[in-house]
Number of protein chains: 2
Amino acid sequence: MLKIIPLGGMAVTKNLFVYETDEEILLVDGGIGFPDETMLGVDLLIPDTTYLQNTKKKIVGMLLTHGHDDHIAGLPYILPKLPEFPLFASRLTAGFAAERMKEFSVMRRINIIDDVRGVRLGKFAIESIRVTHSVPDARHFVITTPNVSVYHGSDFKFDLTPIDGVRPDFQKIADIGKRGVTVLLSDCLRSERPGFSASESSLNESLEAEIRDTKGKLIVTTMSSNVHRIQQAAQIAARAGRRIALFGRSVEVNARVAQELGFLKLPKQAMVKKKSIRNIPDNQLCLIVAGSQGQEGSALVRAARGEHREIKIQPSDKVVFSADPIPGNERAVYETIDALAHRGAEVIYHDVNDELHVSGHASSGELMLLMELLKPKYLVPIGGTYRHMVQYRKLGEKMGYSADRVFLLEEGQSLEINMRGEARIGETIPLKNVMVDGLGIGDVGKVVLRDRQLMAEEGMLVVIVPIEKQTGKISGDVEIISRGVVFMKESKQLMDKARGEVYTVIKSIKTPIREWRAVKEGIRKRLERLFSKELERFPLIIPIIIRT
Amino acid sequence: MLKIIPLGGMAVTKNLFVYETDEEILLVDGGIGFPDETMLGVDLLIPDTTYLQNTKKKIVGMLLTHGHDDHIAGLPYILPKLPEFPLFASRLTAGFAAERMKEFSVMRRINIIDDVRGVRLGKFAIESIRVTHSVPDARHFVITTPNVSVYHGSDFKFDLTPIDGVRPDFQKIADIGKRGVTVLLSDCLRSERPGFSASESSLNESLEAEIRDTKGKLIVTTMSSNVHRIQQAAQIAARAGRRIALFGRSVEVNARVAQELGFLKLPKQAMVKKKSIRNIPDNQLCLIVAGSQGQEGSALVRAARGEHREIKIQPSDKVVFSADPIPGNERAVYETIDALAHRGAEVIYHDVNDELHVSGHASSGELMLLMELLKPKYLVPIGGTYRHMVQYRKLGEKMGYSADRVFLLEEGQSLEINMRGEARIGETIPLKNVMVDGLGIGDVGKVVLRDRQLMAEEGMLVVIVPIEKQTGKISGDVEIISRGVVFMKESKQLMDKARGEVYTVIKSIKTPIREWRAVKEGIRKRLERLFSKELERFPLIIPIIIRT
């Protein structure tokens, strides 16, 4: 039997897929996830690998599909927890992954997968298939056990005119289909969109048009892993006689790695160092800048606020957003646009020109074409949230797949495929949210987040009651410290009332105070009532009894 | 001289415009604003009326443009702070405003404006003009002083086929243009969009198509003030033989008021009470439900979570979102969609069908048409953020307005128009953010928010050091309470270290401890260093010295 278990990856987040037979385990991807707005102060999420740490089975290897952070940036957290095993990826993916690991001083060799011969890991036979995506050198994998063949169709689109001319390997996909596929795991993120996604090279003209009438600096921002977009912008700028500089750590690192490996060809004579831009007239400059999602601290956001040392926004400048906001980032993106507009720059973004970005994900047409080429027995949408999976299932229906041949998995839920190639939903592995906050991994949990949320929304009160050890009597003044509740100067009267309530609780206790719990509970209740009545607020109340 | 000062309203937020002559003041609108993600725990914003409270001039009245909360829901907060003056609005706007005030027991009569005769308030002559918007009975105003004529073109679109057949009064607008307009204040929120906004009635067919193939309940959600959308959905459902129930306080209140005033005509025989729906088969039901923005606690969100008493989502149900997410609400909306999809319902929303909602705001075409009809001397975009104003200025340029005839005002910045009808930017009134949190108005400020933010992201530590009054020596154990930092059980070692640091600080002080400030500062610094080194976290540290 083969089990497929997503430990993450059922949205654009912390991809980690487990392929498990009776003796062996093969892993695909090891990415990070992004906290939602309830995860206050959390930097990122990583997949819960408890299942892998507890298994006695042999992990025979790991495959990486492409170089996006939700597929590779979890490696420095995940790998040290697991026994050593070989890793395989395409050249650029390996380069990006090695860079992520280097930042954490995690040193693991990543083997380059041979697209012709494939690789065998334990009893798993693996073939890799070139596909196109918003980062170059992406791969799909066919994972075959003696009885079952699974097509792992991670993030992709079918671009017939990619910037580097390296088209998806349709022939190979068709061949695999001919040999027979049991399960197709398929990207489904853009299953809501009709037709085919536009080609990366379709942007050429609209980018060119934008540069033509730019009087001052042209500033282009895009996702920093979108190597081909960076290349397009640079080439167009160079043709227009502009010098080009890259700004932002992520853009610079990715460009360096991609250049070293031959995936990015920047026009050498046109490239200049960041510091040199002050010596070049604005109308001869093109800056490619990180921060297209309005990220706090990014080069673009600092420039928009007038806080960037080198990039000074001028009214003659034009800023082109060659990226759409990822859902949840809209507010940050629009704030950045407004700030740039405030400095007088012309800002071009999706709402005023929708031909400056294309998605890297397959639309309905491509998703249906992949089904048709592979003719798998079963479909499993991955890489999208539930609504995307539902839309993917509808596409499946159009292609003749009845609902019982499409499996919508939850994270941790396993798909079991028996020797006869019959699939069914198996058991669900309990997973926890592993949150990374600063240097702490997994030490922030529900309780910590609940407290943070409460303090964030309502503030908190610390009530300190000094009690004499011997007598059990109050031995000093009750102190109340509040933070995040109300202006202290405006709240004197209220705090006096609050202290009064605390004294009332203490006086009501006739015996020596040793039942700390009851006293604390009493204080908490009375103060909750007071603040709810006076302010309709519900601060976190922490009574502390000091024994002196 | 006439001064125009926006105390709010330079985005979709807390509209309040001041028209001021040497002796008198006229106000337009009194709305609420919505907190951004840095305003933790804040419920809503209201305009800062300090300027009005301090003026000796006579406030001669207030006009209300339309019944949206960002234009009227601030009244219960604003009016009690100001002297009494007459209010004027259209019938539905007056009805909605009265409802908002009733909730706060603020009783003020709102006069119905006479569209034929207009009204005179002090020396201001006012005419009202019917326009169309996403709430019925919206108005523009012409405000005329002896020398100056201002067209107050608040939120609108030009809908030639509105649901109630009441078209914008183009004749009157043209007439006003002929008489001469000094300044046009104009909605600019959709200045990025080309062409003309689609008519409300263009949705009829697509809504009808959705209902046709609904097997179970049809659930429609829209903005609760969108009376005509509610009417369309109800009529279509009734024609399809379904019974209709309204769910959600805002929808129910608005529908009641609009019906009483004749602006909403629900098919009487088809309407049923909420409780009766359990007796009606799903395929004969249409529920019109509040919560299109994924609002916490709304009927739709509770239903999506399986927590609504009456609305049980079934796999045969269809949920239609007849509203787009307002920027910033995307995550909440998509979470609601995913939750509904999880319950098996078919969910129809913008990404799968973009013909289920039209905007209530004018696109470029309508904005340019309004300029052309009025031929004002100056343009002032309102109701949008800076990027929208910049786009509006571009439209002005296309219509022959040089940049010096278009004024982009900040909130608080005044436009001064002299006796000869010449406009220029005047002084800026300092405004503060007045935040409403529970029952507290304006008692949450920068300090409180900064503390909330810090506690939200990093948590907090309270360090309690008992010191004996007489001797100035430590008189008990140091206690450290943490909330929102790390799991307490995982942090014992760390807390021991922290206590150690505190003792080190105290021991380093040789004299009796009376210099509380220095001790507190020392504790704070050492603990900051410890937590930064161990966890890269920066909790709020509150040292407390208890004298016993």
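First, a definition: copies are superposed by least squares on the C-alpha atoms of residues with pLDDT of at least 70 in both. With that, the symmetry. A rotation of 180° with 0.1 Å of shift along its axis puts chain A onto chain B, at an RMSD of 0.1 Å. The two copies are therefore related as by a two-fold rotation axis. Which residue of chain A comes closest to that axis? Ala456(A), whose C-alpha is 2.3 Å away.

Some ground rules. This is a predicted model, where local features need pLDDT of at least 70, side-chain atom pairs count only at pLDDT 80 or more, and totals for chains, interfaces and linings use all residues. Residues are numbered from 1 along each chain as its sequence is written, while chains are lettered from A and ligands numbered from 1 in the order in which they are written.

Now chain A overall. Chain A has 15 helices and 25 strands. Those are DSSP runs numbered from the N terminus: helices are H or I with at least four residues, strands are E with at least two. The C-alpha atoms of chain A fill a box of roughly 85 × 70 × 45 Å along the principal axes. Of its 548 residues, 52% are buried. Buried means 20 or more other C-beta atoms within 10 Å of the residue's own; exposed means 12 or fewer; partly exposed is in between; C-beta atoms are placed from the backbone. On contacts: two residues touch if their C-beta atoms, placed from the backbone, lie within 7 Å. Among contacts in chain A between residues at least 6 apart in sequence, 73% join residues at least 24 apart.

Next, the interface. 61 residues of chain A are in contact with 61 residues of chain B. On the chain A side, α10, α12, α13, β23, β24 and β25 each supply at least two residues. Which of them gives the most? α13(A), with eight residues. The chain A side divides into 28 nonpolar, 13 polar and 20 charged residues. Here Ala, Val, Leu, Ile, Met, Phe, Trp, Tyr, Cys and Pro count as nonpolar, Asp, Glu, Lys and Arg as charged, and the others, Gly among them, as polar. And 100% of the interface residues of chain A are also interface residues in chain B, so the copies meet through the same surface.

Stay there for one helix. α10 of chain B covers residues 330–342. Its 13 residues reach 18 Å from first C-alpha to last, close to the 18 Å expected at 1.5 Å a residue. That expectation is 1.5 Å times one less than the number of residues. The buried residues of α10(B) include Val333(B), Ile337(B) and Leu340(B). What do the buried residues pack against? α10 and α12 of chain A, together with α9, β16 and β17 of chain B. Just after α10(B), Gly344(B) takes a positive phi of about 95°.

Two residues other than glycine also have positive phi. Ser105(B) is at about 55°, in the loop between α4 and β7 of chain B. Ser105(B) counts as exposed because it has 7 C-beta neighbours inside 10 Å. Lys375(B) has phi near 45°, in the loop between α11 and β18 of chain B. With 15 other C-beta atoms within 10 Å, Lys375(B) is partly exposed.

Back to chain A, and a sheet. Eight strands form an open, mixed sheet in the order β7-β6-β5-β3-β2-β1-β19-β20. β7 and β20 stand at the edges, each with a single partner strand, so one side of each is left without a neighbour in the sheet. The twist averages 25° from one strand to the next. Pairing needs at least two DSSP bridges between the strands. β1 and β2 of chain A pair in the antiparallel sense over five bridges, and Lys3(A) stands opposite Glu20(A) in β2(A). Helix α4 of chain A lies across β6 and β7, running at about 165° to β7(A). Axes here are lines fitted to C-alpha atoms, for helices over the stretch in contact, and angles run from 0 to 180 degrees between N-to-C directions.

Last stop: Lys57(A), in the loop between α1 and β5 of chain A. Not counting residues up to four places away in sequence, Lys57(A) touches Glu20(A), Glu23(A), Glu24(A) and Ile25(A). Lys57(A) counts as partly exposed, with 13 C-beta neighbours inside 10 Å. From the C-alpha of Lys57(A) to that of Gly344(A) is 61 Å, across 287 residues along the chain.
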